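Good morning, and thank you for coming. I would ask you to look at the structure on the screen while I speak.

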Amino acid sequence: MDAIILQFLNGLDKGSAYALIALGLTLIFGTLGVVNFAHGALFMIGAFCSVTVQRILTLSTETLSETQKDFLGNPLKIKTPYVESWFGPEVGAAIIDWSVPLAILLAIPVMLIVGFVMERGLIKHFYKRPHADQILVTFGLAIVLQEVIKYFYGANPIPTPAPAAFVGSFDFGPLLGLDTSLAYPYWRLVYFAFSAVIIGAVFAFLQFTTFGMVVRAGMADRETVGLLGIDIDRRFTIMFGIAAAVAGLAGVMYAPINSPNYHMGMDFLVLSFVVVVVGGMGSLPGAVLAGFMLGILESLASMNEVKNILPGIDQIIIYVVAIVILLTRPRGLMGRKGVMEE
Amino acid sequence: MAILEVKNVGKRFGGLQALGDVNLNVEENSCHAIIGPNGAGKSTLLNCLVGKLIPDTGSVMFDGQSVLGRKPYEINQMGISRVFQTPEIFGDLTVMENMMIPCFAKRDGSFRMHALESIAHEKDIVGKAEHMLEEMKLIDKRDMHSASMSRGDKRRLEIAMCLAQDPRLLLLDEPTAGMARADTNNTIDLLKQIKEERDITIAIIEHDMHVVFSLAERITVLAQGTPLVEDTPDNIKGHPKVREAYLGETQAA
Amino acid sequence: MFGLKKHDSRLFIVVAVLALAAPFLLNPFPDGSAMAQFNAGYPDLMQRFVIFGIFAIGFNLLFGLTGYLSFGHAAFLGLGSYGAVWMFKLLSMNIIPAIVLSVIVAGVFALIIGYISLRRSGIYFSILTLAFAQMMFAIAYSDLIGRFVGTPITNGETGLQLALDDPRVLGISATPDGSIPLTNLFGLEMRSVFNLEVGGWLFTFSFGYYVCAVVMLLSFYVAIRIFRSPFGLMLRAVKSNQQRMNYTGLNTRPYTLAVFVISGMYAGLAGGLMASMDPLAGAERMQWTASGEVVLMTILGGAGTLIGPVLGAGFIKYFENIFAKINDNVLHSWFAFMPDGLEDLMVTIVHPFVGKGWHLTLGIMFMLVVIFLPGGLVEGGQRIGRLFRRRDDKATSVESDAAEQRKPAAE
């Protein structure tokens, strides 16, 4: 029983990542009508924002130690990060320690800019082109983005630790009244909470602001909204930026869970697409629901008890579920009629 | 004898009763028009006839056989061809290629795996397609990209494609919608000619009264999903109920 | 010729001549010269050209004609490879049964996957094929079937290889000198080569390459026939207007399923040939990046055209090979004529795009093609051709105008 709960919890953070990426994909598809194969790359760029911030914060000056000597008898070179020399060792060390959460501050403007540039520079020209062309050009863009990242950061995963305060695990055992301990890393809890906040924020934004109302109306019926004299395109551009930022933030905070590498975007993209389709193309709640559902399902399938009966089921469960759902409910779990029917 | 019998057909979309209780007989080799104000259910009725929609109640018989539950391509193979409001042709193909496809469909049925034969060797198909193009005065546009033709020519091609299948019933969905007067008159002449030269039944949905009164032998007036009245054009013109439901605006003025 | 129209037979002959003379044509630079690194006339690379050519020709039959974008086609290639290797293990090292099995296996799987995936179109179809391919990759990669059966089927990460104790019932398990026998066609080994030295040039004629080339030509011929057949016309009609298809009494599903299966069999054939040249099969051949690669080849060359996919496959495989070889030393030698500072700058600028950065170049090229040249290299060639022809046209029209003007004057 506790194993199931643990796997359930483990599924939550992967599910959160799926849900956040799928949410952005759906926003872009619903507003712009574009299938964005480069969305995984945005997630990856977010993760590399964490790496970048960590690297910037650990930029160091070298001073020669007066007391310590290295093994050749020369004065030992001591690296002191600039932040430590500016803010004092304690504050400086704390800032470095918190580099991943701090990266959010960098990621938001970076992702918004990347999103705007992408939409204005490239995607805009593909509104009227067939979906196949959209897939192809964004696929090309995804390759370019991942190769650029590979060029600057190398091919190996870069460990990006979470703040020391979150390194331990929370024991769910006593909380749930179990005898055994049920250790769950703090950072994963943080990630889940963070995702929930972002998802909530996106929905609140769409639900309670005029801007969001127009966007929702535009998703339902673009032409009519255009006829009302509302500049829907500009809002959609902003939505693209927001979708990029959502993917980026999902990536920033995911860095400590999985060391960022250049192909993580592609890995997540395939599954996120499956999530979007299972949830129902164009349905935001569907994307979130399917994201968590598939994340948890994948996690449960990777339990040893399950794997002993059906070896490797964890690798294919998502695809099996996706195929079954698409065949029985062609519009996905919460898909609306008329979206991508042809 | 009625070639198309529509009995008690009803269709509901959520809370909207699109078709109430439609009864309609289309006589063989006649031209029957279905008219009615916007939202009267004309298009819904048409879609029920060709298999795009399945009615909730009632039956649709074509030549003694039910069409309900059959796929559009099966209904077409039974002998019903449809012309769309905006011409539906194969825009990426040439006019000649467009014309050959219905010829193949007529000869080979809904599917045939003739993957290694050459089109150039299909003499009978090529001949028939060319003949149709000549008849429809499209032969000089034979190798043109069909998407780049004028709307009137697209309409002609679409009708030609339908006729190439020798359908027994030709359904036309507002064939002159959005056309200039001259194109409309050309289309009327074309349809008249088809009616004279072929053993074909025509059912037409139309907004334009000019078109309806120049072609139809019988007219059914549809209002709010039910047939109001069915009669000859002359009687329809003076019918008070029709004036009220359809031409109401003229009275008000 | 062979039931092809003049225009098509000319194209076919050109491709045939190019393919058969490839060992000469792809080795234009003398051995040992500075440019020799740009030669591509060695068997391994040439085999890749034609095998990926077959793969792309088959993919193009589906995507180019019907517009159905499959993102999981590499699965069929991988299946073909596994099928062929199993034939080498169990039956004999003759490549004929191996290739036959690989085509059948790919065809059967394509039938199942196509039957399910083709119930949806557009983006859903792409994602369904992608999901199937990824699932099959996962199955092959962790050898799920093998774990059920208890004996390796795909042999997981390591990949499926030949062993000395394979039964090979119609052949021999091991050669007298104790090594694994080589793949052959009725005794003629795929590896056998004939070297021809002319002046400073060294030409290598590999039997394996010629087997692949002949198979490619056959595949190309069949593709031309399909393009020009009523079936091909129907497929283009599917792409153009499915609604009109349905209302013209045509059932689109069997047409798309048939071409999906044919296309899958082409991929299986390519996979079988790949295993025939080098008898091993691995799961990485089925990964979605590999599916993406064939999409790239087809688009880059020109989807929907006959020659496009072959060009695209050759282009990508050639530049992949050449670009990977260009390192900083090569770059420095290229820009040596420049002043030192400028030379270093140029090397720094070009460096990210060559060597390991080939994929970056590929991605950029791909985007540029999709944006500016949706018809691929073929359209590019046509545009250039038209540019020249237009000048001629102008000349002739000027002449005819002049002739026109002369007439009244003469009257």
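I shall take the chains in turn, then one contact between them, and end with the question of confidence.

Please bear in mind throughout that this is a predicted model.

Let us begin with chain A. Chain A contains 15 helices and four strands. Along the principal axes, its C-alpha atoms fill a box of roughly 75 × 55 × 35 Å. How does the radius of gyration of chain A agree with that of a compact globule? For 342 residues, a compact globule would have a value near 20 Å, and chain A, at 22 Å, agrees with this. Of the 342 residues in chain A, 47% are buried. Among the contacts in chain A with a separation of 6 or more, 75% are accounted for by residues 24 or more positions apart.

I turn now to the backbone of chain B. Most residues other than glycine have a negative phi. Against that background, B:Asn29 has a positive phi, near 60 degrees. B:Asn29 sits in the loop between strand E2 (16-27) and strand E3 (31-35) of chain B. Is B:Asn29 exposed or partly exposed? It is partly exposed, because 14 other C-beta atoms lie within 10 Å.

For B:Lys137, too, phi is positive and near 60 degrees. This residue belongs to the loop between helix H4 (123-135) and helix H5 (151-163) of chain B. B:Lys137 counts as exposed because it has 12 C-beta neighbours inside 10 Å, and the cut-off for an exposed residue is 12 or fewer.

Next, the contact between chains B and C. Chain B contributes 31 residues and chain C contributes 25 residues. On the side of chain C, the elements giving two or more residues are helix H8 (207-227), helix H9 (230-240), helix H10 (242-246) and helix H11 (252-277) of chain C. Of these, H9(C) gives the most, with seven residues.

Finally, confidence. The average pLDDT of chain B is 89, and 96% of the residues score at least 70. Where in chain B is confidence lowest? It is lowest in helix H10 (residues 248-252) of chain B, with a mean of 46, whereas helix H3 (residues 95-108) of chain B has the highest, at 95. Over residues 249-253 of chain B, the pLDDT is below 50, and this stretch has one contact in the model beyond near neighbours in sequence. Where pLDDT is low, the predicted coordinates should not be read in detail.

Thank you for your attention.

How values were computed
Residues are numbered from 1 along each chain as its sequence is written. Chains are lettered from A and ligands numbered from 1 in the order in which they are written. This is a predicted model: local features need pLDDT of at least 70, side-chain atom pairs count only at pLDDT 80 or more; totals for chains, interfaces and linings use all residues. A residue is buried if 20 or more other C-beta atoms lie within 10 Å of its own, exposed if 12 or fewer, and partly exposed in between; C-beta atoms are placed from the backbone. The radius of gyration is taken over C-alpha atoms; the globule rule is 2.2 Å times the number of residues to the power 0.38. Two residues are in contact if their C-beta atoms, placed from the backbone, lie within 7 Å. pLDDT is the predictor's confidence in each residue, from 0 to 100.
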